[in-house]
Amino acid sequence: MRITWDDGHVSHFDLATVRGACGCATCHELRAEGKPVYMARSGELDVLSAELVGAYGVNFHWNDGHSTGIYRWEDLRAGCPCDECRTERRIEGRANPLDR
Ligand SMILES: [Zn+2]
Ligand SMILES: [Zn+2]
């Protein structure tokens with residue numbers, strides 16, 4: 001999944017990472033129980049559609065039928081997996097919000 005930000009920065013997200021970071025109540029509960037939030041079938045996970053949620057986030061419809069999670073742009077940007085952002089996080093001691 002590729003997101004091009006207003007400042008021109010481009011983030012390439014691993015779909016499994018984004019799906020695994022879903023913050024909805026169901027996924028939150030599954031993680032709390034130590035269970036996987038989705039059945040990992042490599043290569044098959046996909047986003048069918050995406051909708052803006054107000055100005056602050058986006059909602060993805062996944063091909064596993066899940067669509068209740070709202071991802072804040074702030075978290076997606078702060079979780080950018082590129083080398084530059086990764087280094088910045090390390091220097092500033094920030095955690096990756098998508099790393100759940
Ligand atoms: Zn979820
Ligand atoms: Zn980045």
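## Basis of the model

Helices (H or I, at least four residues) and strands (E, at least two) are DSSP runs, numbered from the N terminus. By that assignment, Met1 lies in the segment before β1 (2-4).

The model is a predicted one, in which local features need pLDDT of at least 70, side-chain atom pairs count only at pLDDT 80 or more, and totals for chains, interfaces and linings use all residues. Residues are numbered from 1 along each chain as its sequence is written, and chains are lettered from A and ligands numbered from 1 in the order in which they are written. The pLDDT, the predictor's confidence in each residue on a scale from 0 to 100, averages 93 over the chain, and 96% of the residues score at least 70. Among the elements, the lowest mean pLDDT, 93, belongs to helix α1 (residues 15-20), and the highest, 98, to strand β2 (residues 10-12).

## Overall architecture

The chain comprises 4 helices and 5 strands. Read from the N terminus, the order of elements is β-β-α-α-β-β-β-α-α. The radius of gyration, taken over C-alpha atoms, is 14 Å, close to the 13 Å that the globule rule gives for 100 residues, so the chain is as compact as a globular protein of that length. That rule is 2.2 Å times the number of residues to the power 0.38. Along the principal axes, the C-alpha atoms fill a box of roughly 35 × 30 × 25 Å.

Two residues are in contact if their C-beta atoms, placed from the backbone, lie within 7 Å. Among contacts between residues at least 6 apart in sequence, 37% join residues at least 24 apart.

## Burial and the nonpolar core

A residue is buried if 20 or more other C-beta atoms lie within 10 Å of its own, exposed if 12 or fewer, and partly exposed in between, with C-beta atoms placed from the backbone. Of the 100 residues of the chain, 13% count as buried. A nonpolar core is a set of buried Ala, Val, Leu, Ile, Met, Phe, Trp, Tyr and Cys residues joined through C-beta atoms within 7 Å. The largest such core has 5 residues, namely Ala21, Cys22, Cys27, Val37 and Leu98. Leaving aside residues up to four places away in sequence, Cys27 touches Cys22, Val37 and Gly69.

Helix α4 (residues 83-92) is hardly covered, with a count of 0 buried residues among its 10. Just after α4, Gly93 takes a positive phi of about 65°.

## The antiparallel sheet

Strands of a sheet pair through backbone hydrogen bonds, either parallel or antiparallel. Here two strands are taken to pair if DSSP finds at least two bridges between them. An open sheet of 3 strands has the order β3-β4-β5, with antiparallel pairing. Because β3 and β5 stand at the edges, each with a single partner strand, one side of each is left without a neighbour in the sheet. From one strand to the next, the twist averages 30°, where axes are lines fitted to C-alpha atoms and angles run from 0 to 180 degrees between N-to-C directions.

Strand β3 (residues 47-53) is joined to strand β4 (residues 57-62) by 6 bridges. Within this pairing, Ser49 stands opposite His61, and the bridge partner of Val53 is Gly57. The hairpin of β3 and β4 has 3 residues between the strands, and Gly54 takes a positive phi near 55° there. On the β5 side, β4 pairs with strand β5 (residues 70-72) over 3 bridges, and Gly57 stands opposite Arg72.

Strand β3 is hardly covered: the count of buried residues among its 7 residues is 0. Leu52 lies in β3 and is exposed, with 10 other C-beta atoms within 10 Å. The C-alpha atoms of Leu52 and Gly8, 44 residues apart along the chain, are separated by 19 Å.

Met1 counts as partly exposed, with 15 C-beta neighbours inside 10 Å. Not counting residues up to four places away in sequence, Met1 touches Phe13, Leu15, Val18 and Val47. The C-alpha atoms of Met1 and Ser11, 10 residues apart along the chain, are separated by 8.0 Å.
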